[in-house]
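The exercises below ask you to read a protein model step by step. Try each task with the structure in view before you turn to its solution.

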Amino acid sequence: MRHPLHAIHRRTPRAFVTTLLVSPLLFASRSQAQQPASTTPPSLAAPTTLRIPPIAERTLPNGLRIAIVEQHDVPVVDMMLVVRRGSEADPAGQSGLATLTASLLSEGAGTRDAVALADQIGFLAIRLNASAGLEQSTVSLHSTRATLDSGLALMADMVRRPRFTDADITRLRNVRLTSLLQESDRGPSMADRAFAALVYGPDHPYGRMPAGTRDD
């Protein structure tokens with residue numbers, strides 16, 4: 001009976017046989033070349049100089065403050081509208097109002113419902129999002145320069161002309177209630193809620209989570 005390597009040699013291209021025979025030598029050389037890890041820490045290079053681009057500030061007649069940072073490396077524009085109110089301003093018994101309102105901004109604006117708004121965002125290949133935290137609510141836009149005008153028009157509709165239909169409010173409220181019910185089975189999430197309530201107290205705005213509770 002022939003050795004198995006003879007069968008491989010007869011049926012396999014020469015390139016594969018060469019690799020088969022050389023590989024053990026390569027593995028052996030690698031194992032012999034391995035050395036214990038050095039205990040000497042590497043030397044650190046000098047820190048690079050931090051260069052912050054200049055910030056131009058303007059104030060519109062309506063009091064809106066604008067901060068502009070110009071970087072012309074790529075033809076894209078990022079804009080963010082910041083409102084200095086978040087879940088800390090939720091009325092008593094209505095926790096989660098700010099985050100729910102932010103979610104509703106993406107559910108239709110101007111003449112477009114949620115589907116039409118999402119289709120237009122996809123057609124323009126932009127990002128348009130709204131969110132709310134403890135102390136602020138934001139609407140952000142990421143667009144190329146070529147689609148900036150159209151993206152700004154959608155952003156303006158979202159901020160100034162949200163639809164806020166009863167059907168969307170009811171649907172998102174039910175989604176939020178379901179999410180809060182699922183959260184009650186997650187230890188880390190419940191620990192975060194308990195920690196905030198213990199540190200700040202349940203009646204303090206920071207003692208409540210931005211998502212609210214099922215009781216409100």
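**Exercise 1.** Does Arg173 count as buried, partly exposed or exposed, and what is its relative accessibility?

Solution. The model is a predicted one, in which local features need pLDDT of at least 70 and side-chain atom pairs count only at pLDDT 80 or more, while totals for chains, interfaces and linings use all residues. Residues are numbered from 1 along each chain as its sequence is written, and side-chain values use heavy atoms, with hydrogens and water left out. Begin with the scale: buried means under 20% relative accessible area, exposed means over 50%, and partly exposed lies in between (1.4 Å probe, protein chains only). Arg173 has a relative accessibility of 41%, and therefore counts as partly exposed. Then look for its partners, taking contact to mean heavy atoms within 4.5 Å. When residues up to four places away in sequence are not counted, Arg173 touches Leu100 and Asp216. Finally, Arg173 and Leu97 are separated by 76 residues in sequence, yet their C-alpha atoms are 9.9 Å apart in space.

**Exercise 2.** Describe how helix 3 and helix 6 cross, and state which residues make their contact.

Solution. Two packed helices are described by the angle between their axes and the distance between the axes. Here axes are lines fitted to C-alpha atoms, for helices over the stretch in contact, and angles run from 0 to 180 degrees between N-to-C directions. The axes of helix 3 (residues 97–104) and helix 6 (residues 166–183) come within 10 Å and cross at roughly 125 degrees. Because of this angle, helix 3 is oblique to helix 6; angles under 35 degrees count as roughly parallel, over 145 as roughly antiparallel, 65 to 115 as roughly perpendicular and the rest as oblique. On the side of helix 3 the contact is made by Thr99, Leu100, Ser103 and Leu104, and on the side of helix 6 by Asp168, Ile169, Leu172, Arg173 and Arg176. Sorted by class, this contact has 4 nonpolar, 2 polar and 3 charged residues, where Ala, Val, Leu, Ile, Met, Phe, Trp, Tyr, Cys and Pro count as nonpolar, Asp, Glu, Lys and Arg as charged, and the others, Gly among them, as polar.

**Exercise 3.** Find the buried residues of helix 4, and work out where they lie around its axis and what they pack against.

Solution. The buried residues of helix 4 (residues 114–124) are Leu117, Ile121 and Leu124. They lie on the same side of helix 4, because they cover an arc of only 70 degrees around the axis, the arc being that of the directions from the helix axis to the C-beta atoms. As background, an α-helix has 3.6 residues a turn, so residues three or four places apart point the same way. Val115, Asp119, Gly122 and Phe123 are exposed on the other side of helix 4. The packing partners of the buried residues are strand 4 (108–109), strand 5 (112–113), strand 6 (127–132) and helix 5 (148–160).

Now take helix 5 by itself: its axis and that of helix 4 come within 10 Å and cross at roughly 155 degrees. That makes helix 4 roughly antiparallel to helix 5. Leu117, Gln120, Ile121 and Leu124 of helix 4 meet Ser150, Gly151, Leu154 and Met158 of helix 5 in this contact, which has 5 nonpolar, 3 polar and no charged residues.

Note on methods. Helix = DSSP H or I, 4+ residues; strand = E, 2+ residues; numbered from the N terminus.
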